[in-house]
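Reader: I've got a new model on screen. Can you walk me through it?
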Amino acid sequence: MNNEANPHELFMRLALKQAAIAASRGEVPIGTVIVRNGTLIGQAHNQVEMLKDPTAHAEIVAIRASARAIGNYRLVGSTMYVTIEPCLMCVGAMVHARVGTVVFGAAEPKAGAIVSSCRAHELPSLNHCIEVVGGVLEEECRAVIQEFFKTRRGQV
């Protein structure tokens, strides 16, 4: 399948490149890109260790970069591509930023807040709905994070 036929795969590959940057820096290898009207407006990787900031998840850093790029914290009509299912904090930030769609690669059984531990984006009190697409390049996304933790635990 070519990239024009599946833009989700094209943008997820860019998110995987961000995850590789995170891994090379000793960060948990999660990458995010944000696209609006077919144009990349922000990209990031986890930077928790580097910034000594527990909120510096790839999604949060990418939201901040995207908001600066367009001059508005409301990212209406945007699509976020993230290699691993977002956590509760990141889902909350997506709702506040008005991200339209989140596309993730692999589920995160322990902390994922889209389909795994809860469906945080569906809470009835929220004033914004997010469309969800899961499983894009799932095996590749899962392999990146599994390899990172195997190496970290000395299992390689």
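Author: Helices here are DSSP runs of H or I with at least four residues, numbered from the N terminus. One more thing: this is a predicted model.

Reader: Fine. Which helices each supply at least two residues of the lining of the largest pocket?
Author: α2 (48-51) and α5 do. α5 gives the most to that lining, with six residues.

Reader: How much space lies in that largest pocket?
Author: About 630 Å³.

Reader: And which lining residues are the closest to its centre?
Author: Val28, Ile84, Glu108, Ile145 and Phe149, out of 27 residues that line the pocket.

Reader: How do the lining residues divide into nonpolar, polar and charged?
Author: Twelve are nonpolar, five are polar and ten are charged.

Reader: Back to α5. Where does helix α5 lie?
Author: Helix α5 covers residues 138-152 and lies across β3 and β4. It runs at about 65° to β4.

Reader: What about α1 and α5, at what angle do they pack?
Author: About 5°, with their axes 11 Å apart. Angles under 35 degrees count as roughly parallel, so α1 and α5 are roughly parallel to each other.

Reader: Which residues make the contact?
Author: From α1, Met12, Arg13, Leu16, Ala19 and Ala23. From α5, Glu140, Cys141, Val144 and Phe148. Seven residues of this contact are nonpolar, two are charged and none is polar.

Reader: Now the sheet. What is the strand order?
Author: β2-β1-β3-β4-β5, an open sheet of five strands with mixed pairing. The edge strands are β2 (39-45) and β5 (131-134), and each pairs on one side only.

Reader: By how many degrees are neighbouring strands turned against each other on average?
Author: By 15°, with direction ignored.

Reader: How do β3 and β4 run, parallel or antiparallel?
Author: Parallel. Five bridges join β3 (residues 78-84) to β4 (residues 101-106).

Reader: Give me one pair to click on. What is the bridge partner of Tyr81 in β4?
Author: Val103.

How values were computed: Residues numbered from 1 in each chain as written. Predicted model: local features only at pLDDT ≥ 70, side-chain atom pairs only at ≥ 80, totals over all residues. Heavy atoms only, no water. Pairing = 2+ DSSP bridges. Axes fitted to C-alpha atoms, helices over the stretch in contact; angles between N-to-C directions. Contact = heavy atoms within 4.5 Å. Parallel < 35°, antiparallel > 145°, perpendicular 65-115°, else oblique. Nonpolar A, V, L, I, M, F, W, Y, C, P; charged D, E, K, R; others polar. 1 Å grid on protein atoms, 1.4 Å probe; cavity = no way out; pocket = protein on both sides within 12 Å on 5 of 7 lines; lining within 4 Å. Points joined across faces, edges and corners; volume = space filled by probe spheres on them.
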